[in-house]
Amino acid sequence: MSAQRKPAPSSPDPAAGPQEPRGPRPGRLTAAAAIAGLEGLALLAGGIAMIVMGAAEGDLRSAVTGGVTLLALALLPLIAARGLLARRSWSCGPAVITQLLALPVAYSLLQADSVAIWAGILLGVAAVVGLVLLVHPATTQALGVRGPGRR
């Protein structure tokens, strides 16, 4: 044994910026990012389809309005998915918001009399699974998300 004292590990400097996550990314986090990414891609596809079908029917003004709205809405889950994959703590909020917004959309699709019922079932299941994955302790720990009142 040496008579020298080992220096105590220094605490992270908050001014130094966010610390890089350590260890492997949990599978739950990857799955939550995949669900958010797929929802974003579905919104992109819906926006493009709305614009193309509206142009074919001659109602370009409303088609562009609806299509551009869907394209803009697609940014939220896509950015959230990218942040989740990069293990950024800010990405949990937009991902949760995306899942919460998907639930009423799924419910309205379930009220239809067509193939939209299956889309509602798939969207509802994806939203519930996404929420469960996002609030799981392994996910929140990997993202560095702290509960209320915790430092």
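## Ala80 and its contacts

Leaving aside residues up to four places away in sequence, Ala80 touches Ser91, Pro94 and Ala95, where a contact means heavy atoms within 4.5 Å. This is a predicted model, in which local features need pLDDT of at least 70 and side-chain atom pairs count only at pLDDT 80 or more, while totals for chains, interfaces and linings use all residues. Residues are numbered from 1 along each chain as its sequence is written, and side-chain values use heavy atoms, with hydrogens and water left out.

## The chain as a whole

The chain has five helices and zero strands; helices (H or I, at least four residues) and strands (E, at least two) are DSSP runs, numbered from the N terminus. Of the 151 residues in the chain, 27% are buried, a term that stands for under 20% relative accessible area, with a 1.4 Å probe and protein chains only. Among contacts with a separation of 6 or more, 64% are made by residues 24 or more positions apart.

The 26 residues of H2 should span 38 Å at 1.5 Å a residue, and its end C-alpha atoms are 37 Å apart, which agrees; the expected span is 1.5 Å times one less than the number of residues. The buried residues of H2 include Ala63, Gly67, Ala74 and Ala80, and what covers the buried residues of this helix includes helix H1 (27-57), H3, helix H4 (116-135) and helix H5 (137-143).

For H4, the 20 residues should span 28 Å, and the end C-alpha atoms are 28 Å apart, which agrees. Among the buried residues of H4 are Gly120, Leu123, Leu133 and Leu134, and their cover includes H1, H2, H3 and H5.

## The nonpolar core

Ala80 also belongs to the largest nonpolar core, which has twelve residues, including Leu84, Ala95, Leu133 and Leu134. Such a core is a set of buried Ala, Val, Leu, Ile, Met, Phe, Trp, Tyr and Cys residues joined through side-chain atoms within 4.5 Å. Each of H1, H2, H3, H4 and H5 supplies at least two residues of this core, and the largest share, four residues, comes from H1. In soluble globular proteins, nonpolar side chains tend to be buried together.

Arg87 is found in the loop between helix H2 (60-85) and helix H3 (92-110), and Arg87 is buried, with a relative accessible area of 12%. The phi of Arg87 is positive, near 60 degrees, in a residue other than glycine. Most residues other than glycine have a negative phi.

Conventions: Buried means under 20% relative accessible area, exposed over 50%, partly exposed in between (1.4 Å probe, protein chains only).
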